[in-house]
Amino acid sequence: MSQTLAAVDGSLSSVGYGLAAIGPGVGVGIIFGNGTQALARQPEAAGLIRANQILGFAFCEALALIGLVMPFVY
């Protein structure tokens, strides 16, 4: 006797993207948290620290955008 407990219909892409968005979210938090600490320790290096923060943020957001596009590729 076989019983189906739960049936999954449709695309699971949204669930996959939700899980994929966790990584960039954590990455952005780490980047800006450590950047704030660095600015508090060395305020004279604010320009360099801010530039590195923006670069790291762009890389993390690129990962999030790739995760958004991948479900549409397959």
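**View 1. L65, an exposed residue of helix α3 in a predicted model.** L65 has a relative accessibility of 52% and counts as exposed (over 50% relative accessible area; buried is under 20%, partly exposed in between; 1.4 Å probe, protein chains only). The residue is found in helix α3 (helices are DSSP runs of H or I with at least four residues, numbered from the N terminus). This is a predicted model, in which local features need pLDDT of at least 70 and side-chain atom pairs count only at pLDDT 80 or more, while totals for chains, interfaces and linings use all residues. Residues are numbered from 1 along each chain as its sequence is written, and side-chain values use heavy atoms, with hydrogens and water left out.

**View 2. The aromatic pair F32 and F57.** A search of the whole structure finds one aromatic pair. F32 and F57 form this tilted pair, at 5.7 Å centre to centre and 55° between the planes (rings of Phe, Tyr and Trp, the last by its six-membered ring, pair if their centres lie within 6.5 Å; planes under 30 degrees apart count as stacked, over 60 as edge-to-face and the rest as tilted). The pair links distant parts of the chain, with F32 in helix α2 and F57 in helix α3 (residues 46–73), 25 residues apart. F32 is partly exposed at 36% relative accessible area, and F57 is partly exposed at 34%.

**View 3. Confidence along the chain.** The average pLDDT (the predictor's confidence in each residue, from 0 to 100) of the chain is 86, and 89% of the residues score at least 70. Confidence is highest in helix α2 (residues 22–41), at a mean of 94, and lowest in helix α1 (residues 13–20), at 79.

Technical notes
Helix = DSSP H or I, 4+ residues; strand = E, 2+ residues; numbered from the N terminus.
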